[in-house]
Amino acid sequence: MKAVIFEQFGQAPQLREVRDPSPSPLGVVIKVEATGLCRSDWHGWMGHDPDIRLPHVPGHELAGTVLAVGKHVTSWRPGQRVTVPFVGGCGRCFECNSGNHQVCENQFQPGFTAWGSFAEYVAVDFADTNLVELPDMLDFATAASLGCRFVTSFRAVVDQAKVKPGEWVAVHGCGGIGLSAIMIAAAMGANVVAIDITAEKLEFARTFGAVATINGGAGTNVIEAVRDVTKGGAHVSLDALGHPSTCFNSIACLRRRGRHVQIGLMLGDHAHPPIPMDKVIAHELEIYGSHGMQAFRYKALMNMLETGRLEPQKLIGRRIRLDQAPDALMAMDRFEGTGIDVITSF
């Protein structure tokens, strides 16, 4: 099969012919019909993820058709249209048995713990626990765009922060994760404030439901600006970028007893950022993470897609070929453009 592969961290990936995957006894092989490009893939390529073993094929936001099924798989058959959470649970550990597959002790992550979906085919383990069947109305590119950023944002807004109608929600960073969070929070009835340093992205954020925007460029006190717009601070604040400054601002802009959710990855030199712990204590702030979403929770998300309350297809920017993926991956640290790139031609 054709796949994008790199042999050293930080060196240009190459499009090559590599071996076709085979399903494990509990897994399946999926013919990839679409796969998104995510900054998590960039972090992996840079060597920020300790689970990656070289050589490596990245890619974890995927949708496609089941091609082959392992001998112990009972719920899936060739030809079914599926997607999969970027964090797959083993289905057997304590966390999986408690319904928290997204923090499985033995988790499977295509594109990180195993070769990923920047390829014609991808093997996915623990299929009975993790695969999600796609409704007929959902095309492959949109399904792939759900990937990690949309479902992680859904869990952050709905399950972790438990956003309520009328609350003020601040979203720091208007890339794919941030725009997803803005759309979901707006659909939940919240008043969303979008923060970014690019005017184009802030204007785009308004089309996703933001009622106010703040340009956090040079000279802007983001914390005070959020407090001013929200008349006292956000009830919920999300760091959708993953940077020490946005993490700090997100916590510091909360009103008393507010909730912060960290969605953007904090890896490499950013793994241990300073936070305003004095405010966390004095104002009884709550701090959460959001690390993917369980397969069984996709039902609630799919219901909102089918009724039109959520429109993740608006997130899609460029549709590109597999041979364009290496350049697109290497450019992700420049945060250029709006929307997300999806590979739709292999």
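Biologist: Which residue in strand 4 does Val28 stand opposite?
Modeller: Val28 stands opposite Val69 in strand 4, and please keep in mind that this is a predicted model.

Biologist: And how many bridges join strand 3 and strand 4?
Modeller: Strand 3, residues 28-36, and strand 4, residues 61-69, pair over eight bridges in the antiparallel sense. Strand 4 also pairs with strand 5, residues 81-83, again in the antiparallel sense but over three bridges, and there Thr65 stands opposite Arg81.

Biologist: Switching to helices, at what angle do helix 4 and helix 10 pack?
Modeller: Helix 4 (residues 140-160) and helix 10 (residues 298-306) pack at about 95°, with 11 Å between their axes. An angle from 65 to 115 degrees counts as roughly perpendicular, and therefore these two helices are roughly perpendicular to each other.

Biologist: Which residues meet there?
Modeller: On the helix 4 side they include Phe150, Val151 and Phe154, and on the helix 10 side they include Leu301, Met302 and Leu305. The residues of this contact divide into 10 nonpolar, one polar and no charged.

Biologist: What about the largest nonpolar core, which residues have the most contacts inside it?
Modeller: That core has 52 residues, and those with the most contacts inside it are Ile182, Leu238, Leu301 and Leu310. Helix 4 gives the most to this core, with 10 residues, while strand 11 (234-239) and helix 10 are among the elements that give two or more.

Biologist: What is Leu238 in contact with?
Modeller: Leaving aside neighbours within four places in sequence, Leu238 is in contact with several residues, among them Val157, Val171, His172, Ser250 and Ile263.

Definitions and conventions: Residues numbered from 1 in each chain as written. Predicted model: local features only at pLDDT ≥ 70, side-chain atom pairs only at ≥ 80, totals over all residues. Heavy atoms only, no water. Pairing = 2+ DSSP bridges. Helix = DSSP H or I, 4+ residues; strand = E, 2+ residues; numbered from the N terminus. Axes fitted to C-alpha atoms, helices over the stretch in contact; angles between N-to-C directions. Parallel < 35°, antiparallel > 145°, perpendicular 65-115°, else oblique. Contact = heavy atoms within 4.5 Å. Nonpolar A, V, L, I, M, F, W, Y, C, P; charged D, E, K, R; others polar. Core = buried A, V, L, I, M, F, W, Y, C linked by side-chain atoms within 4.5 Å. Buried < 20%, exposed > 50% of the residue type's maximum accessible area, 1.4 Å probe, protein only.
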